[in-house]
Amino acid sequence: MADQRRDLEKRPSPDALLEAARRESDQTGRLKIFVGAAPGVGKTYEMLLSAHARLKAGVDVVVGVVETHGRAETEALLRGLEVIPRKRLEYKDQILEEMDIDAVIARRPRLALVDELAHTNAPGSRHPKRYLDVEELLSHGIDVYTAVNIQHIESLNDVVAQITHVRVRETVPDKVFDRADAIELIDLTPDDLIQRLKEGKVYVPRQAERALEHYFSPGNLTALRELALRRTAERVDEQLLTHMQANAIAGPWAAGERILVCLSEDPRSAGLVRYTKRLADRLHAPWTAISLETRRSLQLTDEERDRLADTLRLAEALGAEALTIPSVGRRIADDLIGFAHANNVTQIIIGKSTRSWWFELTRGSVVHDLVRRAGNISVNVIAGEELAADPVPKKTVRTAERPEPFNPRPYLMALVIVAIGLAAATLIQPLFGIENVDLVFLTAVVVVAVRYGLWPSLLASVVASLCYNFFFLPPIYTFTITDPTNIAAFFFFMLIAVLVSNVAARVRTRADSAIGRVRTTESLYAFSRKLAGTATLDDVLWASAYQIALMLRVRVVLLLPEEGVLTVKAGYPPEDQLDKADLAAANWAWSNDRSAGRGSDTLPGAKRLFLPMRTGRGPIGVIGIDNDRTGPLLTPDQRRLLDALMDQGALAIERVLLVEDMDRVKRTVESDRLRSALLTSISHDLKTPLASVLGAASTMRDLASGLSDSEKRDLIATVIDESERLNRFIANLLDMTKLESGAIVPNTARHDIGEIVGSALRRASKILVRHRVSLELAADLPMLELDAVLFEQALFNLLDNAAKYAPADTTISIRGSRDREQVTLQILDEGEGIPPTELESVFDKFYRAQKGDHVRPGTGLGLAISRGFVEAMHGTISATNRADRTGAVLTIRLPIPAVSDALDTAA
């Protein structure tokens, strides 16, 4: 068994082998990143030096983009390297230069140099970020050398902002950094970097002075340098661990410290966790808290199991990776050493045993085995006295005892199975002799152990031994044994029966435990998938309440804050209500972020137990549970399961709330955009007609005596036209406000569409004075259910739009026809038409199509109002371009009322 285990430990990690195989078979290029703590440390310089070395080795090298920032020594290194001309882009009347990624791909070099990985590309580029350009080059099999400063790594953005008080906007995702095949740290001491800054080798003198006063202080540079060293060391450590696992290197290779703390149900384990946390902080090392699930751990009391779970939760809260793994070896020390070798652990922390010497003599000592077998791994045994002052915090919720009433059925079945074995042994004894009878009894013992567990199998062992003595060992039918040989046979039979029952029972216990874990894992996985597929808060809350009620067999209510008040949002069963005591307990749990209610230390008189639901951002809601039993609600196992379900539910609720927050932000942005467009419209479209009116009126006032009658009529016409234009503008604003608020309710009645079209043409006569109008209405058009005022306004807006965009002396056509169960009305012009990409956008609020100087300005509301009015009357409106010539077609489709509706109206 031990040899087999050692063979397994010597095998390479499957995951590491798969990763290595993927890299070898992958046709993508290799990425090397030159990392620095700050600008000016020499990243680009070192990258160019490496490129020259590769060029001398016969590698095809090109420069995609390198920023020299005017540094002479850097520019000198560009000589001798092929530089791909940059792509020129025009943006806001400026010419910007970016890497020509198409030219680099077409050139297909072996190695491309791409400086400033975090750079944001100019608008109009293929990718918004340069690291996306790098990924495309890699996908074409081109190796890339690039450079980046540590402050641009996404996960360090907040840390850098706290250190330097400067928020870096251009960042690179960590996955890009972790994907690199090689990392080279370019390090420079703060004093040397500051000296380079003073010498003008980093920035021009004026920029250098500001940088020295703010960003480039010795303290900032030291902190950034440490960040760069640590982040690079983490990446190198991951590469080292992958190499060791892929090559089945047992380790440890002490390139960096890794700490493993072993936990048990002992009350001092919490102190052990805190000690390991302090040690890890001093060594700046990652650490793992591990608990082994053995047969003995399955027999722990509820208090001990609860204590162990709390200790693991404490380790996780302090930054450890908390694991519970099944024991697969005969010795716990073997499992710990195997885990340590597989994960390159350099130090193991374990508490000093307080068991008696007799216990250690008979059952062995984990501490002694660990010290003897650790090899190159350091084992720190912490004395119990050091940990006595660090107990696990007292639980705020009492857990229910697991009911385990005595069940006589397994013991009766054990006796029945032994009796069957006795009958079988009696039948085969004449044929096979007494030598094979014991095998029948051993088979019965194994069956009992596998089916009913340890204690029934021990009973079966004793009864089988007695039956073997009484019925088969001479003298038979007595418990007396006269032959010394038979005494030995009886003794060894009983010993083997007990051992076999013990082993079989252990296998059954482990199998039951594994089955239980699998079922719980499957339920949690199904729950997580269900939550991932929900998009609304109500669905998430209902799924959470139902799953918790189903798995724990309790009643559930979920409460979330709403406008500062905790409100019931979901429950299972749905009709559950909260009384005043429950509401008080729920509010206390929410306000204090602690449990309250039934079975807790606070407000225990409440009907339900209330627990806060937390995420990394803090409490997000409260869950209340109860059942029909008295006393504490949950066993320790159920409490741990509830914690897992609550964590998943809280994350799903947070996800939905974040999506809703994003939607609110989008609506706010849209509202701001509309407000800005409205102000623009008011500032231009309101000001222009007012200026015309004021100009005409002031001219008539000041120059009335010198004006002819025709000039006065022209000025008066200008005042009237501009006043009507201003009136239309204000009417459009009021109509859009009514549409947005839902205040418009059509007052529909039966109307002839021809009459409404004629009325709209009369209103628009001044607008259409420079155009020819063609009216083609079918003679068989039926009466339609319309609001005449709203429909006339919608037609007026469409005619106004056509007059704006159609050149003078062209024809605007109005065509009406019947198409099955609807009437179609089309407005056709002979303008330039609508760009295909804008056919739907023209109906958006404040949207104005591109137009020339000959087009009258508008608010961008007319078509949006027309759509709102037509849809309010159950119709549709759409925009297309003419097929016979240039021009736009705006089409209104209205349903024809049913005959029964017409009769009702006539009556």
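**Ground rules.** I number residues from 1 along each chain as its sequence is written, and side-chain values use heavy atoms, with hydrogens and water left out. Since the model is predicted, local features need pLDDT of at least 70 and side-chain atom pairs count only at pLDDT 80 or more, while totals for chains, interfaces and linings use all residues. Helices (H or I, at least four residues) and strands (E, at least two) are DSSP runs, numbered from the N terminus.

**Entry 1: α14 and α16.** I started with helix α14 (residues 332-342) and helix α16 (residues 366-373), whose axes come within 8 Å and cross at roughly 45°. Axes here are lines fitted to C-alpha atoms, for helices over the stretch in contact, and angles run from 0 to 180 degrees between N-to-C directions. That makes α14 oblique to α16. My cut-offs: under 35 degrees is roughly parallel, over 145 roughly antiparallel, 65 to 115 roughly perpendicular, and the rest oblique. On the α14 side I listed Ile332, Ala333, Asp334, Leu336 and Ile337, and on the α16 side Val366, Asp369, Leu370 and Arg373. Contact means heavy atoms within 4.5 Å. Sorted by class, I get six nonpolar, no polar and three charged residues for α14 with α16. For the classes, Ala, Val, Leu, Ile, Met, Phe, Trp, Tyr, Cys and Pro count as nonpolar, Asp, Glu, Lys and Arg as charged, and the others, Gly among them, as polar.

**Entry 2: α18 and α20.** Next I took helix α18 (residues 409-432) and helix α20 (residues 454-472), which pack at about 30° with axes 9 Å apart. α18 and α20 are therefore roughly parallel, and their crossing is right-handed. From α18, the residues in the contact include Tyr411, Leu415, Val418 and Leu422, and from α20 they include Trp455, Leu459, Val463 and Phe471. The tally for α18 with α20 is 16 nonpolar, two polar and no charged.

**Entry 3: the antiparallel sheet.** I then traced an open five-strand sheet in the order β15-β14-β18-β17-β16, with antiparallel pairing. Two strands pair if DSSP finds at least two bridges between them. β15 (565-572) and β16 (596-597) are the edge strands, each pairing on one side only. Strand β17 (residues 609-615) and strand β18 (residues 618-626) run antiparallel and are joined by seven bridges. I found proline 612 opposite valine 622 in β18. Helix α22 (residues 537-552) lies across β14 (555-562), β15 and β18, at about 60° to β15.

Entry 4: Most residues other than glycine have a negative phi, and most peptide bonds are trans. The bond from tyrosine 572 to proline 573 is cis, with omega near 0°; proline 573 sits in the loop between β15 and α23 (580-592). Aspartate 593 has a positive phi of about 55° although it is not a glycine, and its place is the loop between α23 and β16.

**Entry 5: the mixed sheet.** A second look-up gave an open sheet of five strands, β20-β22-β23-β25-β24, with mixed pairing. Its edge strands are β20 (772-777) and β24 (876-881). Ignoring direction, neighbouring strands of this sheet are turned by 15° against each other on average. β24 pairs with strand β25 (residues 888-895) in the antiparallel sense over six bridges, and threonine 876 has arginine 893 as its bridge partner in β25. α26 packs on the sheet, touching β20, β22 (811-819) and β23 (822-828), and its direction makes about 175° with that of β20. Helix α28 (residues 862-872) touches β24 and β25, at about 135° to the direction of β24.

**Entry 6: α26 and α27.** Helix α26 (residues 753-763) also packs with helix α27 (residues 788-805), at about 50° with axes 9 Å apart. α26 and α27 are therefore oblique. Their contact has 10 nonpolar, two polar and two charged residues.

**Entry 7: salt bridges.** Searching the whole structure, I got 28 salt bridges (a side-chain nitrogen of Lys or Arg within 4 Å of a carboxyl oxygen of Asp or Glu). I noted arginine 126 with glutamate 136, at 2.4 Å, N to O. Arginine 126 lies in the loop between β6 (111-114) and α6 (130-139) and glutamate 136 in helix α6, so the pair ties together parts 10 residues apart in sequence.

Conventions: A crossing is left-handed if the near helix is turned anticlockwise from the far one by less than a right angle, and right-handed if clockwise.
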